[in-house]
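Q: Hi! Could you walk me through this one, a bit at a time?

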Amino acid sequence: MECVLGVVGRDFAVVAADTSAVQSILVHKSDEDKVMVLDSHKLMGASGEPGDRVQFTEYIQKNLHLYQFRNNIPLSTAATANFTRGELATALRKNPYSVNILLAGYDADVGASLYYIDYIATFHKIEKGAFGYGAYFCLSLMDKLYRPDMSVEEAVDLVDKCIKEIRLRLVVAPQKFIIKIVDKDGAREYARRAYTDSPSEAATVTA
Amino acid sequence: MVGKNCFAIASDRRLGVQLQTVATDFQRVFKIHDKLYIGLSGLATDVQTLYQRLVFRHKLYQLREERDMKPQTFASLVSALLYEKRFGPYFCQPVIAGLGEDNEPFICTMDCIGAKELAKDFVVSGTASESLYGACESMYKPNMEPEELFETVSQALQASVDRDCLSGWGGYVLVVTPTEIQERVIKGRMD
């Protein structure tokens, strides 16, 4: 029931993910951060097997840092995405990782970009995307409401609408989400969303 | 599909995970060199991995031989690469099209373990392959000029993918003659 979604706007990209850590019927914690800040201008939202998710994202993060230490310049978003895809593809027929990734980054020359890398290393550059059961609800919402060059407020509003839909329509829906943004000023947490954020929703659900 | 001193290679543009469409601009036809193209259908990750391996092999060949690979040679290379993985295959069905010696068009297709199938008229692969066989068989004429070939290939592609829920969301057609390359994106039924 994990959901990760991402959207590219005008010179920024937003990645949102739920914050529940669930094993079968038990919720271990509800403030798990699944959107890792890889470096100053990259975000990696990941969903899947919990051990693989943490292991793989940390592995990518450390390799990114290593590249920067060795070469004194950071790796571009496209190169990072291709590297990530390569690692998943190499492991695929030996020891596969079950992690779906949305990689967002900002480069000065290219602007903001978002990459869809699924657990079997399918790689594609996208403007909007989502993983998990939430994707069934979000993708069509995004198709309808997304426009290229949205402002931050419009993009976050779209993400909020997706979150609202997931909460409303997905059985055992995650309630809390984290939203992170990456733009020319860097990658950072933008907001968290919890159930109590919209009291009007509570009225709709319980009615 | 083969025409008069030219060939056309076309694909749809859908990237999907079973019933869910992820993207409508996925590239499935790749250039190896100016007169050789390969279209790969099947599992997207294997399409990308196989393309990267083939480009690598061709670049090495270019460095060693100081020329481009002939289509027949390339087809044998693809076949060998696929058969290497006989008991753990790449889930891809390639379609290879190129202009060989004297600009003679060459086309062939393979299954996922490298069984080559040469043809003089057209080759197809993918989830809509049965439909494609039917459409191409009825629309094909020998010795078509590039413009007519483009029309025929586009119509055959659209007709077939419209009958297949896993294919479609636009089309991409490439027509290659000895002197020029025309690529066109077709907007069909976006469903």
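This is a predicted model: local features need pLDDT of at least 70, side-chain atom pairs count only at pLDDT 80 or more; totals for chains, interfaces and linings use all residues.

Q: Leaving out residues up to four places away in sequence, which residues does B:Asp111 touch?
A: B:Asp111 touches B:Leu82, B:Cys92 and B:Pro94, where contact means heavy atoms within 4.5 Å. Residues are numbered from 1 along each chain as its sequence is written, chains are lettered from A and ligands numbered from 1 in the order in which they are written, and side-chain values use heavy atoms, with hydrogens and water left out.

Q: Thanks. Where is B:Asp111 found?
A: B:Asp111 sits in the loop between strand S7 (105-110) and strand S8 (116-119) of chain B. Helices (H or I, at least four residues) and strands (E, at least two) are DSSP runs, numbered from the N terminus.

Q: And why does B:Asp111 count as partly exposed?
A: Because its relative accessibility is 32%. Buried means under 20% relative accessible area, exposed over 50%, and partly exposed in between (1.4 Å probe, protein chains only).

Q: What is B:His58 in contact with, leaving aside neighbours within four places in sequence?
A: The contacts of B:His58 are B:Ile32, B:His33, B:Asp68 and B:Met69.

Q: B:His33 has come up, so which residue is its bridge partner in S5(B)?
A: That is B:Leu36. Strand S4 (residues 29-33) of chain B has 4 of its 5 residues buried. S4(B) pairs with strand S5 (residues 36-42) of chain B in the antiparallel sense, over 4 bridges, and the two form a hairpin with 2 residues between them. Two strands pair if DSSP finds at least two bridges between them.

Q: New topic: what is the order of the 3 strands in the open sheet of chain B?
A: The order is S1-S9-S10, with antiparallel pairing. At the edges are strand S1 (7-12) and strand S10 (181-186) of chain B, each pairing on one side only. Neighbouring strands of this sheet are turned by 15° against each other on average, direction ignored. Axes are lines fitted to C-alpha atoms, for helices over the stretch in contact, and angles run from 0 to 180 degrees between N-to-C directions.

Q: How many bridges join S1(B) and S9(B)?
A: S1(B) and strand S9 (residues 171-176) of chain B pair over 6 bridges, including B:Phe7 with B:Val176. Helix H4 (residues 146-161) of chain B packs on the sheet and touches S1, S9 and S10 of chain B, its direction making about 25° with that of S1(B).

Q: Which helix packs with H4(B) at an angle of about 145°?
A: Helix H3 (residues 129-139) of chain B does, with the axes 8 Å apart. Among the H3(B) residues meeting H4(B) are B:Leu132 and B:Met139, and on the H4(B) side B:Gln155 and B:Leu157 are included.

Q: Now chain A: what is the strand order in its open sheet of 5 strands?
A: S5-S6-S7-S8-S9, with antiparallel pairing. The edge strands are strand S5 (35-39) and strand S9 (123-126) of chain A. H2(A) lies across S5, S6, S7, S8 and S9 of chain A, running at about 160° to S7(A).
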